[in-house]
Amino acid sequence: MLDIDHGTYPFVTSSSCTSGGAATGTGVPPNAIQNVIGVTKAYCTRVGGGPFPSEVEGPIAEQLRARGNEYGAVTGRSRRCGWIDLPLLRYAQMINGVNWWVVTKMDVLDVLDEIPVCVGYKVKGKKYDSIPALATGFEQVEPIYEKMPGWKKSTESAANFDALPKKAQEYLRFIERESGAKIGMVSTGPDRDQTMLLPEFEAEILGPVEKLLRKRA
């Protein structure tokens, strides 16, 4: 939502940060891009001003911020925190052509009894499952939440998807069904060994790369 053309103008950056921007920025032709991998946290954050329908404040926001270390790496500025927003995620998937999601910071949600998910918006009593066309439209938006049960267990030691708590798996599968792209990677902490690859993603994305490397060797 920070893209200069497709974001919540004027609360945007000065560049094209969609997948299409990779083609113009690097000189790689668009038809050479076969897969687009999108990265999303298991919750939502934003820096600075601008629309943020699923933002939360108070103790819950502080808890998310502290557990997720949501502070600017250079400035130390606090990030705004909220729940994952499916209309925004679907929009990002559509604009970027995302095939696969990498879902990060699952462990931040480990302590919650329940996890609200923004599944749509209400504007003047009418329900919508897509975002407003203009940034000003967000001023009238009321998020619609579906509350999912928390798993109340640590995910940090999970070596693969099946090792995650059942409710954590259900949370991820719900996001997958509603967002338009498949989940290929999940991270449950900052260390390299806390990032898991799902078998289908590994076969489709890494398989051809490994074959190419072996062929060149």
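This is a predicted model: local features need pLDDT of at least 70, side-chain atom pairs count only at pLDDT 80 or more; totals for chains, interfaces and linings use all residues.
**View 1. The largest pocket and its lining.**
The largest pocket has a volume of about 940 Å³. Its lining consists of 35 residues. Lying nearest the centre of the pocket are Met-1, Leu-2, Val-39, Thr-45 and Ala-92. Four elements each supply at least two lining residues: the strands β1 (37-41), β2 (44-46) and β4 (100-104), and the helix α3 (86-96). The largest share, six residues, comes from α3. Sorted by class, the lining of the largest pocket contains 21 nonpolar, 10 polar and four charged residues.

**View 2. The open sheet of four strands.**
The strand order is β1-β4-β8-β9, and the pairing is mixed. β1 and β9 (195-197) are the edge strands; each has a single partner strand, so one side of each is left without a neighbour in the sheet. From one strand to the next, the twist averages 25 degrees. Within this sheet, four bridges link β4 to strand β8 (residues 182-187) in the parallel sense. Trp-100 is placed opposite Lys-182 of β8. Helix α4 packs on the sheet and touches β4 and β8. The direction of α4 makes about 145 degrees with that of β8.

**View 3. The open sheet of three strands.**
Here the order is β6-β5-β7, with antiparallel pairing. The edges are formed by β6 (126-128) and β7 (142-149); each has a single partner strand, so one side of each is left without a neighbour in the sheet. Neighbouring strands are turned by 45 degrees against each other on average, direction ignored. Strand β5 (residues 114-123) and β6 run antiparallel and are joined by three bridges. Tyr-121 stands opposite Tyr-128, a residue of β6. Helix α4 (residues 166-179) packs on this sheet as well, where α4 touches β5 and β7. Between the direction of α4 and that of β7 the angle is about 145 degrees.

**View 4. Arg-65 in helix α2.**
Arg-65 belongs to helix α2, which spans residues 59-68. The relative accessibility of Arg-65 is 10%. Arg-65 therefore counts as buried, the cut-off being under 20% relative accessible area. With neighbours within four places in sequence left aside, the contacts of Arg-65 are Glu-70, Tyr-71, Ser-78, Arg-79, Arg-80 and Cys-81.

Conventions:
Residues are numbered from 1 along each chain as its sequence is written. Side-chain values use heavy atoms; hydrogens and water are left out. On a 1 Å grid over the protein atoms alone, a cavity is a set of points where a 1.4 Å probe fits but cannot get out, and a pocket is an open set with protein on both sides within 12 Å along at least five of seven lines; lining residues have an atom within 4 Å of a point. Grid points are joined across faces, edges and corners, and a volume is the space filled by probe spheres set on the points. Ala, Val, Leu, Ile, Met, Phe, Trp, Tyr, Cys and Pro count as nonpolar, Asp, Glu, Lys and Arg as charged, and the others, Gly among them, as polar. Two strands pair if DSSP finds at least two bridges between them. Axes are lines fitted to C-alpha atoms, for helices over the stretch in contact, and angles run from 0 to 180 degrees between N-to-C directions. Contact means heavy atoms within 4.5 Å. Buried means under 20% relative accessible area, exposed over 50%, partly exposed in between (1.4 Å probe, protein chains only).
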